Amino acid sequence: MAESESGADKSEEPTSKRLEEARKKGQIARSRELNTLAVTMAGAIALLMYGAAMGEGLIAIMRESFSLPREVLMSDDSMALYLLSAGKMAATILQPFLIVLLIASIAGPISLGGWLFSAEALAPKFSRMNPLSGLKRMFSLHALTELLKALAKFVLILMVALAVLSADTNDILAIAKEPVEKAIMHSAQIVGKSTLWLACGLILIAAVDVPFQLWDSKQKLMMTKQEVKDEYKDSEGKPEVKGKIRQMQRQMAERRMMQAVPKADVVITNPTHFAVALKYDPAQGKAPVVLAKGGDFLALKIREIAQEHKITLLESPALARAVYYSTEIDREIPAGLYLAVAQVLAYVYQLKQFRAGKGKRPVPLRDLPIPPDLRRDE
């Protein structure tokens, strides 16, 4: 199990944030052996496919370059033109082969870890110039692993090379007896086939290195329990900050709630512990809506604002508690309280008519119908 610099065990899987930060820094799994395999294999296949054409092209360049007329030899400018022409021909001949190598050199790294360009990874790090840090890296487990890989790769490639040379000895010796043109073609074929066999040897090395690089990259990103807790605090916010934010949100909600009290039709009180402000607008909804509610100090503020704006205050402890506990702000009251609130609104309407001199004083409400499941005791 990996350990951090403090000695704590890195037993926790890397979080998504840790993985994202590592990717931004260019710290992703890469395998040099896989890149070497991709380039070598692509080069071998390209040699087998285009080797004959490249051989013919090179023969044409050599024939043209070594069969110069006398006037060209006597001219100082002609040699440069012939050299430029030979260079253009060589570039044209080698272009398909170089394009294949370019594609392989890009596809190799992308196949493990995906496409990534990190400016942070390119930035110079002066800590790497520290001799002590360099010595520590030289004698680390990672350095030992790389040394063993290099030795294994050398031995494996050497064995494959010796086997290929042993199998192609007769073909290689036969090149010396062939005409130049045929020898060039034959050489390109042998080099392509030999390179392909060497690439097949690299497959074994890449098959071991790729899983190791994935495991090693994950181990470097593993986290301790404390690191996970610290990251959670940083991303979610410290408890003190979150508490302050919640306090500010409550204060803002209370201010909005108090601003809505003057729009209420009635404020039902406990009379001192609870207060709920109700508004009924037939055009907006099917049932009355709770504009504001509160207990103790908030209840007192709601009553004060209601009195300032001449909103009817109705004392009904049971109904006040039922609405307070069953309905949130800006929500309609439950269906079980429709009848009780309807009687309250009717009473408020009759009371307004009486105060305007258009009716009799309404009879005070008693024993409002509140379902047992909505009743709340003090």
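1. A residue is called buried when its relative accessible area is under 20%, exposed when it is over 50%, and partly exposed when the value falls in between. With that cut-off in hand, K279, at 29% relative accessibility, counts as partly exposed. Please keep in mind while reading that the model is predicted.

2. The partner of K279 is D265, and the two form a salt bridge in which the closest N and O atoms are 3.5 Å apart. This pair links distant parts of the chain, since D265 sits in the loop between α11 (239-260) and β1 (266-269), whereas K279 belongs to strand β2 (residues 274-279), 14 residues away. D265, with a relative accessible area of 17%, is buried, because the cut-off for that word is under 20%.

3. The structure holds four salt bridges, and another one of them joins the side chains of K153 and E33, with a distance of 3.1 Å from N to O. K153 is found in helix α7 (residues 141-167) and E33 in helix α2, so this contact ties together parts that lie 120 residues apart in sequence. As for how accessible the two residues are, E33 is buried, at a relative accessible area of 8%, while K153 is partly exposed, at 26%.

4. A further salt bridge brings together the side chains of D168 and K193, at 3.3 Å from N to O. Here D168 is placed in the loop between α7 and α8 (169-175), and K193 in helix α9 (residues 180-221), so the pair ties together parts of the chain that are 25 residues apart in sequence. D168 is buried, having a relative accessible area of 5%, and K193 is partly exposed, having one of 32%.

5. Which element supplies the largest share of the lining of the largest cavity? That element is α4, from which four residues come.

Definitions and conventions
Residues numbered from 1 in each chain as written. Predicted model: local features only at pLDDT ≥ 70, side-chain atom pairs only at ≥ 80, totals over all residues. Heavy atoms only, no water. Helix = DSSP H or I, 4+ residues; strand = E, 2+ residues; numbered from the N terminus. Buried < 20%, exposed > 50% of the residue type's maximum accessible area, 1.4 Å probe, protein only.
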